Amino acid sequence: MKRSNCFSLVFAFLFLISPLFSESIVFLHSNDTHGIYKSYKIKTDQGERWVGGMEACSHYINTIREKEDHVFYIDTGDIMTGTLAAELEYKGVTGGFMIEFLNGLNCDAWCFGNHEFDLGLENALGLSRLADFPTVMANIVYEKTGKPIPVKSSHIFHAGKLRVGVTAVMQEAFIVEVLKERIEELDVLPSVSTLRSKIPDLDKETDLIVVLYHGRFPDALKIAEKVQGIDILLVASECGRFEVINGTLIQSTFGHQKSLGYLKVEVENGRVKDYESQQIWLWDDGCLKPSPRIKALVEKVDEAIGLEYTKVIGRAARDHLKGKNSGENALGNWITDAMRWKTGSEIGFHNTGGIRNNIVAGPITKGDIFEVSPFRNTLVVFKLTGRQIKDLLEHDIEKGWDQLQVSGLSYSFCPKNTKPMGERIVDIDINGDNLVRDGRILYPDKVYTVVSNNYLISQAKDKYFGFPVKGYKDTGMLINQMLVGWLEEHKILDYEVEGRIRQIDR
């Protein structure tokens, strides 16, 4: 009896000092798919390789699931806008095929990206209803009532004895990233305050908290610094980074189905004891074994896109690249010239971020044009004075990203770190005439006809020009259809960078 009591005390002591439980769990995650469902070529140090596509994604996810006990696959948004696959209607929802792909990959959770709202709230909610997995989003609300949109603000999963809480927040820039008319009834609450309110209650019910953040990686780092209790922060940023801030594991992928994020954590007593982070590149130049369901769905989408979009309508004499988010590029020169060709305007502006894909040398199809300009943006015509044109270019240099592509004018500028705003534009020539010379406006009140797109005009004050555009006329002409018409008439695309935007180091 005495020995039994001693054994009981020793057992109780060991129980108190040993872990309550320990589990390993793997998080696979994707972001910024943008309608990609088939592999494509990229340049590597070893030459060109095929990457991406839903079949490759299926193969790598299933391979990892065969090796690990607890695997969760999560998408952090922007499955929409980029290819024709995201424009097809499926079960009454535009872009529904992209959700069906996630269903076929046995996705465990996802959150909206800003591009899920490119066709409005109802279509975004339609995507959510097609999903066989929870949609989570905590900070998008109706502007008038402040009530959240009808999706879950969080969800709890189980991995063995481990309870995993997942919530999601949208970047505050959501309001200026989407055409205003599409989300006029919505507002977005600050990410930090939303999470500070949400995390404590979720922490009481879970052993591990995962936050999905649709936004920039630097902003995710700030969230990790300011919000306590986040174990894992999965970010919809295309930088393929991994950081640890205040114990929070923060990871993104390279986007566009180049890679899957892989994060394996060992959890003990509600804390991450150990972790392994890597990028799983989705190479599609080997022997892959996708699921039959995904393979059949790829074939179904191919058939749905059909012959119309594979029809050759022109030819590119050289590669035309969309470039980065700043500086002149060949596609921008073509698009803005075509906008003026269609409307007869003196000047054309188009945001670089609206150019979504390259055109390679060779035949050009309707599908290629759609992937360059996938948004349903329309041509908008309006008038600006000479002073307004200088002001908007000053604003463009100050902003420093998603720079305006231009036609009908060229200009030179000093970098923002060399001169104050208002003194950076040195020269502006409009169709051969000086508007600005050595920083001085020669014709401040002269009026010019301008063409741009409806998204840019809707965000002119807050994002692109620094002031609202008044008295504009929306032509209703879709930019991608206009580009198709230009190619059908001109046949050959042969543009290059020609010095429309020139930086001067002074």
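The model is a predicted one, so local features need pLDDT of at least 70 and side-chain atom pairs count only at pLDDT 80 or more, while totals for chains, interfaces and linings use all residues. Residues are numbered from 1 along each chain as its sequence is written, and side-chain values use heavy atoms, with hydrogens and water left out.

A nonpolar core here is a set of buried Ala, Val, Leu, Ile, Met, Phe, Trp, Tyr and Cys residues joined through side-chain atoms within 4.5 Å; buried means under 20% relative accessible area, exposed over 50%, and partly exposed in between, with a 1.4 Å probe and protein chains only. The largest core holds 82 residues, and the members that touch the most others are Phe 27, Phe 112 and Phe 117. Helix H2 (residues 54-67) supplies the largest share of this core, at 6 residues. Helices (H or I, at least four residues) and strands (E, at least two) are DSSP runs, numbered from the N terminus. Leaving aside residues up to four places away in sequence, Phe 27 touches a list of residues including Phe 72, Val 164, Leu 208, Ile 232 and Tyr 262, where contact means heavy atoms within 4.5 Å. There is also a second, separate core of 32 residues, with Phe 382, Ile 425, Ala 460 and Phe 467 among them.

Phe 382 turns up again in the strand pairing. Two strands pair if DSSP finds at least two bridges between them. Strand E21 (residues 378-385) runs antiparallel to strand E27 (residues 447-453) over 7 bridges, and Phe 382 has Val 450 of E27 as its bridge partner. Both strands sit in an open sheet of 5, ordered E22-E19-E27-E21-E28, with mixed pairing. At the edges are strand E22 (404-407) and strand E28 (473-478), each pairing on one side only. From one strand to the next, the twist averages 30°. Helix H14 (residues 479-490) lies across strand E19 (347-351), E21, E27 and E28, at about 60° to E28; axes are lines fitted to C-alpha atoms, for helices over the stretch in contact, and angles run from 0 to 180 degrees between N-to-C directions.

Elsewhere, strands E2 and E3 form a hairpin with 2 residues between them. Finally, Thr 94, in strand E6 (residues 93-94), is buried at a relative accessible area of 12%. Its contacts beyond four places in sequence include Met 80, Leu 119 and Arg 376.
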